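Please look over the chain shown here. The report below takes up strands, a helix, cores and annotated spans.

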Amino acid sequence: MEETTENVASAASGHNKHHHRYRYRSSGRRFLFFASCFGFYALVAVTYAWFVFSPHIGRTDHVSSSSLGCREDNEGSWSIGVFYGDSPFSLKPIESINVWRNESGAWPVSNPVLTCASLTNSGLPSNFVADPFLYVQGDTLYLFFETKNPITMQGDIGVAKSIDKGATWETLGIVLDEAWHLSFPFVFNYNGEIYMMPESNELGQLNLYRAVNFPLSWKLEKVIMKKPLVDSTIIHHEGIYWLFGSDHSSFGTKKNGQLEIWYSNSPLGTWKPHKMNPIYNGKRSVGARNGGRAFLHDGNLYRVGQDCGENYGKRIRIFKVEVISKEEYREVEVPFSLEASDKGKNSWNGVREHHFDVKQLSSGEFIGLVDGDRVTSGDLFHRVILGYASLVAAISVVVLLGFLLGVVNCIVPSTWCMNYYAGKRTDALLNLETAGLFSEKLRRICSRLNRVPPFLRGFVKPNSSMGKFTLGVIVLVGLFLTCVGIRYIYGGSGAVEPYPFKGHLSQFTLATMTYDARLWNLKMYVKRYSRCPSVKEIVVIWNKGPPPQLSELDSAVPVRIRVQKQNSLNNRFEIDPLIKTRAVLELDDDIMMPCDDIEKGFRVWREHPERLVGFYPRFVDQTMTYSAEKFARSHKGYNMILTGAAFMDVRFAFDMYQSEKAKLGREFVNEQFNCEDILLNFLYANASGSGKAVEYVRPSLTTIDTSKFSGVAISGNTNQHYKKRSKCLRRFSDLYGSLADRRWEFGGRKDGWDL
């Protein structure tokens, strides 16, 4: 009997040990699964960020690599643009005037003309520039503006100079840098002296500075008012000086919806309040807060206000002052709008404009300075909050997934449970019988979890169809939340910005060749690329069939359809005197790539306008056999760029292609109905002598070929297509010389975009 009892006890002990080992292994597997979920989502996040958001490396001319400037700022990304017109109410942006500055690399100049990069690359780090005020001395223009210092995170007053009517600006320096925030540098002349009255709301008073050595040296002349006024301006009208400003510190004041007036016999004071003060104290959308300098036109006085209804500085509003006296003030809004872009955030002022200053030049022409922004105030904070909230939600999904699987597999240890497990607790490692209210409640919850009805466990049981569906949905929700979180945190504001060259921006013409069977491609093409920041116009070279109506194309820029008499690939490079830009991007209608890639290519071309700059490299060796990019990669170099996606100088390239020298080549292109891009490469190589003729810019992984979806690819048979192109290589080599002795390595530039 004793032996039998001993054996039974021994067997029971062995069973318990086996049970505990199984439990430990099972718990380990569950923990490993749980940790793997986090690892999987992290991998998805990193892959998604790498695939979708190309890093902005190589912007060596946009922001100095050693600088702190041009960082994302929660106040926005303000920059300054120039407008011209016959009156303050008929102003057009500088790009519509077609101003050329070859030595600056701007063909033609495009807004904005002053950005954070303008200051940062001059050794004055800046996050944004705003509040432009103009001071004119003869033919020289001085622009005073607020610049936000990324180190102190406060506004300073800077100045730039232009000798070409505002087309290009030279940054001169910082003229005021106080211990408090400065903005709105209202500059004016009085009794032969130049004064500046910047906003110093943070200090609680309104200071007046006098130029000691204009424009860089200023001295505090006097404190003209002990009030924390914002955006104050002085108007001299009918012998009296009027000071307009907003005081947001008083009880009951509506921020950005309040305006007060004072008057004096001199801008130096003493100032007396208007009897109607406050003139406004209500809705932020009424334009109460000043948005620039008041101006006279045709005998009428106009005040500039800013609409802050939807967000700070949403738009500019102009008011005609009908009555202004010591007892009365009355104004009425007049129509005012600047030529707006349809590119949304991709336009420098696509979301808001809040400051306007206009002057008449000696030529009689009016020039207007405007600041604009792609995002609203608080956009960075908003994106960070949404991004991290999405990631927290994704983590919660993983926790939910682990909890559901735990319920199914009875992951809650029996030692965590109460009462009905009494006497059966044998797992000392998981014993949580610590005295206290919290542990008691925790064990009670665990006990209830282990009594989950079987049908609920079946609902999430991995082996059942419903369980697989439930768990699959949870995984997909987690993936979605992970991607959303990364997009908000890492993806930026969603705006595509152009890349300056020598501190300036420009525009190019986009040209594509197509025909009636590819209208689907064209519609998507126009809608996408017309929103790229630097695209000025789209030219559609229509080779065959009835052309579409312009109303069928959703475009943010003008579209011109050039109907050809003959269906020829040579039409791609036909001389077109209506093209107003120096740069043309020839881009096939079935290539879809991000606007940022396009902007990178344009930036590189502006550095090397004598070359073909494109996205698809090829290498031609002594065999004269046409091969894909993989062949160029294997030989670590290229000597040809496909012109189906390439920038070129419109006059140089087109004149050369249509020259008598290229006649035999053009005839061969017509014969083969192929190889117009190869011919242009040979012509460029021939014209460059021993110099480099082509430049490569690597496109992102998100570039796709839409012809694969439309079924109208021109070169559907790759083998036959490559045979024709090999034949072209041999023919053009005989006519214009071989390319085989040329090879340029990938990664030869410093920008990192040609790897």
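Which residue takes a positive phi in the hairpin of β17 and β18? Asp298 does, with a phi near 55°. The hairpin has 2 residues between its strands.

This is a predicted model: local features need pLDDT of at least 70, side-chain atom pairs count only at pLDDT 80 or more, and totals for chains, interfaces and linings use all residues. Residues are numbered from 1 along each chain as its sequence is written, and side-chain values use heavy atoms, with hydrogens and water left out.

**Overall**

The protein chain holds 15 helices and 34 strands. Helices (H or I, at least four residues) and strands (E, at least two) are DSSP runs, numbered from the N terminus. Of its 755 residues, 53% count as buried. Buried means under 20% relative accessible area, exposed over 50%, and partly exposed in between (1.4 Å probe, protein chains only). The chain exposes about 34,600 Å², and carbon and sulfur atoms supply 55% of that area. Accessible areas come from the Shrake-Rupley method with a 1.4 Å probe; for residues, only the protein chains shown count as cover. Among contacts in the chain with a separation of 6 or more, 65% link residues 24 or more positions apart. Contact means heavy atoms within 4.5 Å.

**Strands**

Two strands pair if DSSP finds at least two bridges between them. Strand β18 (residues 300-307) has 7 of its 8 residues buried, so the rest of the structure largely encloses it.

| Strands | Bridges | Sense |
|---|---|---|
| β17 (residues 295-297) and β18 | 3 bridges | antiparallel |
| β18 and β19 (residues 315-324) | 7 bridges | antiparallel |
| β1 (residues 79-85) and β2 | 2 bridges | antiparallel |

Phe295 has Tyr302 in β18 as its bridge partner. Gln306 stands opposite Ile316 in β19.

Elsewhere, 4 strands make an open antiparallel sheet, in the order β2-β1-β22-β21. β2 (92-93) and β21 (352-360) are at the edges, each with a single partner strand, so one side of each has no neighbour in the sheet. Phe83 stands opposite Pro93 in β2.

**Cores and helix α13**

A nonpolar core is a set of buried Ala, Val, Leu, Ile, Met, Phe, Trp, Tyr and Cys residues joined through side-chain atoms within 4.5 Å. The largest has 47 residues, and Met648, Phe654, Ile678, Tyr684 and Phe732 have the most contacts inside it. Helix α13 (residues 676-688) gives the largest share of this core, 7 residues. Apart from it lies another core, of 35 residues, among them Trp107, Leu510, Trp542 and Phe602.

α13 has 10 of its 13 residues buried, so it is largely enclosed by the rest of the structure. The buried residues include Ile678, Phe682 and Tyr684. Leaving aside neighbours within four places in sequence, Ile678 is in contact with Tyr626, Met640, Arg725, Cys728, Leu729 and Phe732. From first C-alpha to last, α13 reaches 19 Å, close to the 18 Å expected at 1.5 Å a residue. That expected span is 1.5 Å times one less than the number of residues. Just after α13, Gly689 takes a positive phi of about 65°.

**Annotated spans**

An unreviewed UniProt entry annotates residues 31-53, 385-412 and 469-490 as "transmembrane region". UniProt positions are given in the numbering used here, feature names are shortened, and annotations may be inferred rather than shown by experiment. Residues 31-53 are 96% helix and 0% strand, with end C-alpha atoms 33 Å apart. Residues 469-490 are 100% helix and 0% strand, and their end C-alpha atoms lie 31 Å apart.
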